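This briefing goes through a structure by topic. Please look at the sequence and the 3D view, then read on.

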Amino acid sequence: MSNTHRTPGVVPGRLAAGAYAENFSDKVPPLDPHEAAVAADRCYFCYDAPCTRACPTAIDIPMFIRQIAAGRPEAAARTIFDRNILGGMCARVCPTEQLCEAVCVREAAEGQPVEIGRLQRFATDALMAGGSHPYARAASTGRRVAVVGAGPAGLACAHRLATRGHDVVLFDAREKPGGLNEYGIAAYKAADGFARREVEWLIGIGGITIENGRALGRDLTLDALRADYDAVFLGIGLAGVNALRAEGEDKGHVRDAVDFIAELRQSTDLSKLPVGRDVVVIGGGMTAVDAAVQSKLLGAENVTIVYRRDRAQMSASEAERNQAAAKGVRIITGAAPVRIIGNGAVREVEFAYTRDEGGSLAMTAETFHLRADQLFKAIGQTLDGAPEGLALSGRKIAVTGPGRTSLAGVWAGGDCAAGGDDLTVTAVAEGRDAAEDIHASLIG
Amino acid sequence: MAHLASEFAGIKSPNPFWLASAPPTDKEYNVRRAYEAGWGGVVWKTLGSEGPPVVNVNGPRYGAIWGGDRRLLGLNNIELITDRPLRQNLREIKSVKRDYPDRALVVSLMVPCEEEAWKAILPVVEETGADGVELNFGCPHGMAERGMGSAVGQVPEYVEMVTRWCKASTRMPVIVKLTPNITSILGPATAALKGGADAVSLINTINSITAVDLDAMAPEPTIDGKGTHGGYCGPAVKPIALNMVAEIARNPETAKLPISGIGGVTTWRDAAEFLALGAGNVQVCTAAMTYGFRVVEEMKSGLSQWMGEKGYASVDQVVGRAVPNVTDWQYLNLNYVTKARIDQDACIKCGRCYAACEDTSHQAIAMSGDRTFTVKDEDCVACNLCVNVCPVENCITMVEMPKGQTDPRTGQVVGGYVNWTTHPNNPGATCAAE
């Protein structure tokens with residue numbers, strides 16, 4: 001192929017053949033043993049450590065780092081997995097700069113936190129490289145639990161239930177398990193098929209049957225699940241996407257960012273994946289950043305994120321934004337799309353600057369145009385296809401305590417449930433805690 | 001910059017930093033490099049009697065322990081005295097001394113505990129132009145089993161006897177190097193003095209096993225599946241060495257005996273501490289073995305700058321400055337009351353002080369919900385543990401409670417000097433009223 005950065009339109013193969021592997025390799029390379037020893041040595045083993053308190057899954061971080069420092073990364077991994085069975089993925093995708101590392105006392109002391117995320121990866125990689133699963137199941141309870149959604153919440157819930165001796169059937173609408181880990185996050189955050197490997201390793205506990213291609217509302221009903229199983233956990237995520245509500249949204253090459261990311265993640269040959277020369281991404285979250293950065297990495301010449309509010313209100317973390325900027329992505333804030341212009345396919349987008357009027361956003365008369373041959377919408381996902389009869393809180397499933405819904409015998413967690421940040425690690429915590437509550441209700 | 005010129009036991013050197021008798025001083029090549037790097041003196045690695053030299057193992061000779069970031073804290077050595085022919089060493093010593101006349105060159109010696117052996121070697125050493133000899137009565141491994149090294153140093157009568165032989169057989173200054181592998185350093189130190197020694201040097205290395213290879217189930221360093229105790233040195237031994245130097249310096253009988261301080265000197269500050277406790281100069285080995293000879297530059301500039309700041313014009317003015325303040329426990333002021341103070345601006349809220357105090361001390365630190373750590377004066381015994389475990393230097397300090405205030409822990413008013421010798425709880429107390 002002879003396409004380049006400057007080839008007009010949405011085309012594949014903008015880069016030299018070797019560039020794809022390089023661009024989509026690990027964003028943060030793993031620590032080698034020496035680097036890990038040096039990094040671990042910096043931990044002060046704080047009392048009632050702030051990092052652990054900042055972790056939604058409450059991993060005993062000083063302990064696992066001490067275990068690394070003492071030359072036992074596998075023991076460190078056990079400490080991590082005890083609290084967070086998806087500790088491997090969380091080590092890669094957690095916004096540590098907003099959680100554990102933000103409160104590290106060495107951040108206070110010298111502006112340089114202990115590299116907790118990378119150390120966690122060092123430990124979990126070491127244990128997972130051994131191939132065997134570290135946990136054993138309790139004696140079978142004979143109870144069966146349906147877990148709907150094989151994303152982080154569902155996987156964490158299923159694993160904990162399995163360790164407690166329950167039999168779990170894990171349903172997922174997609175072809176592969178993993179949820180956003182498999183379909184949603186940027187490829188360079190979970191390189192080398194890590195999401196798939198992690199699921200395979202996780203179900204090594206036994207007692208978990210995965211049924212893919214089974215969607216709630218289409219192939220399954222909550223009523224039937226409640227009748228057939230002793231308990232049900234819903235970790236169905238946010239399958240819907242918000243509409244732009246701008247004129248011309250139906251033009252060609254206007255697309256949901258989540259679909260683009262999913263296609264990219266499932267692509268076996270990224271040189272065949274088309275991308276625009278001028279890509280515009282609308283939104284201010286991680287999805288917007290992931291779509292923008294990956295567009296750039298696929299060879300787009302100009303990539304611009306446009307967010308309607310100011311920079312501080314973007315849900316993408318500062319580190320994510322810096323990463324995008326470092327890759328050459330331009331970020332425009334305080335502007336919203338008015339009109340998508342093009343003959344069939346998008347050619348340019350008209351934006352208006354916005355103004356904050358007492359909390360609500362208003363368009364100003366000042367507008368500008370951005371050339372775009374591809375437009376990604378990343379303005380948030382919504383709960384889609386929640387079963388009838390479940391009380392909602394806002395636009396999510398209402399839960400009390402450890403994920404109890406308004407229906408007896410039905411729990412929910414992860415992005416579909418109200419409360420908590422929409423983070424992988426939060427989903428894991430909610431799935432895990434719901435599992436313990438389900439266990440208590442089944443056994444108690 | 002203060003003047004660092006040194007005269008120790010009549011031996012002049014441009015600065016008080018000598019390389020100790022050890023692997024770095026075994027050959028002309030190394031010693032020339034040392035002098036070029038600026039070392040004030042060298043104690044040539046121990047020579048043995050004429051004849052077939054000793055042999056060393058051909059496996060690993062050193063073991064180690066490390067602190068954070070694999071910083072070498074302690075080194076252990078199973079190397080013996082020089083394994084090169086006596087004549088070769090003597091030739092090299094003569095050559096080096098000729099080219100570096102302003103530097104100190106002392107030759108370490110260890111020969112069998114017989115007068116003839118010492119009488120034989122001293123003249124040939126003297127012929128090299130060396131400035132003095134150091135009697136190796138300290139080596140704790142290998143040679144001790146042959147009746148030399150620490151086998152001599154551990155018997156004060158032998159120390160005195162050999163020292164006397166040497167003094168009678170040479171006009172060179174005789175420095176007696178002492179082993180720490182004894183109960184009281186005063187025994188051999190006094191013996192050296194009685195034998196006529198011009199000075200003592202200490203400490204030699206400490207018997208040690210640094211680690212065990214848990215796969216081979218053998219001590220490290222492991223030689224074909226076996227290990228043996230070696231001589232321990234480096235920063236980890238400094239506290240032991242400082243105490244032994246101070247014991248000699250504050251003992252009236254030995255107080256005037258010049259001391260060459262050895263044991264973990266790594267920076268200028270370590271050297272200044274040895275000097276303050278009575279050492280006339282210092283000898284260095286592990287720091288050079290860890291970082292190379294250039295470390296002496298920092299030692300010289302640091303010591304000189306500090307002396308300048310403090311108004312000490314020469315090394316002599318530092319020597320022994322802290323000795324009057326080394327005392328026995330029974331004379332410590334029991335009315336000296338301090339309390340820990342935490343500088344909240346410097347605190348990084350790690351909570352190590354809290355864990356240490358709560359778990360292992362006196363529950364005298366309070367922790368609030370927002371991780372503010374404060375000292376409870378009513379429980380603080382001023383043990384200093386919080387200071388020692390705090391990662392931030394000077395974040396926690398011990399503040400003296402003024403006289404006349406009431407210590408909230410004891411309810412007692414802080415008064416003047418009192419010590420254990422007159423304390424009512426002391427059954428052997430002398431009359432308190434006197």
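Buried area is the accessible area, taken with a 1.4 Å probe, that two parts lose on being put together, summed over both. By that definition, chain A and chain B bury about 940 Å² between them, with 63% coming from carbon and sulfur atoms.

This is a predicted model, in which local features need pLDDT of at least 70 and side-chain atom pairs count only at pLDDT 80 or more, while totals for chains, interfaces and linings use all residues. Residues are numbered from 1 along each chain as its sequence is written, chains are lettered from A and ligands numbered from 1 in the order in which they are written, and side-chain values use heavy atoms, with hydrogens and water left out.

**Chain A against chain B**

- Twelve residues of chain A and twelve residues of chain B make the contact, where contact means heavy atoms within 4.5 Å.
- On the chain A side, 59% of the buried area comes from Asp41(A), Tyr44(A) and Tyr47(A), more than from any other three residues.
- Five residue pairs are in polar contact across the interface, both residues being at pLDDT 80 or more.
- A polar contact is a pair of N or O atoms within 3.5 Å; within protein, one must be able to donate a hydrogen and the other to accept it, and residues adjacent in sequence count only if both atoms are side-chain atoms.
- Helix H2 (33-41) and helix H8 (105-110) of chain A each give at least two residues to the side that touches chain B, and H8(A) has the largest share, three residues.
- Helices (H or I, at least four residues) and strands (E, at least two) are DSSP runs, numbered from the N terminus.
- By class, the chain A side has ten nonpolar, no polar and two charged residues.
- Ala, Val, Leu, Ile, Met, Phe, Trp, Tyr, Cys and Pro count as nonpolar, Asp, Glu, Lys and Arg as charged, and the others, Gly among them, as polar.

**Domains**

- Domain bounds come from an automatic or database domain assignment, which gives chain A domain 1 (33-129), domain 2 (144-239 + 383-442) and domain 3 (242-377).
- The centres of domain 1 and domain 2 of chain A, taken over C-alpha atoms, are 26 Å apart, and each of these domains gives 21 residues to the contact.
- Domain 1 and domain 2 of chain A bury about 1,800 Å² between them, 76% of it from carbon and sulfur atoms.
- Ile85(A), Leu86(A) and Met89(A) lose the most area on the domain 1 side, together 37% of what that side buries.
- Between these two domains there are zero salt bridges and four residue pairs in polar contact, both at pLDDT 80 or more.
- In chain B the assignment gives domain 1 (6-325) and domain 2 (329-422), with 40 Å between their centres over C-alpha atoms.

**Salt bridges and a hairpin**

- Over all chains, the structure holds 51 salt bridges.
- One of the salt bridges joins the side chains of Asp167(A) and Arg137(A) at 3.2 Å, N to O.
- Asp167(A) lies in strand E2 (residues 167-172) and Arg137(A) in the loop between H9 and strand E1 (144-148) of chain A, 30 residues apart.
- Strands E11 (residues 348-357) and E12 (residues 360-371) of chain A run antiparallel and are joined by nine bridges; two strands pair if DSSP finds at least two bridges between them.
- Ala352(A) has Thr367(A) in E12(A) as its bridge partner.
- E11(A) and E12(A) form a hairpin with two residues between them, and Gly358(A) in the turn has a positive phi of about 55 degrees.

Notes. Salt bridge = Lys/Arg side-chain N within 4 Å of Asp/Glu carboxyl O.
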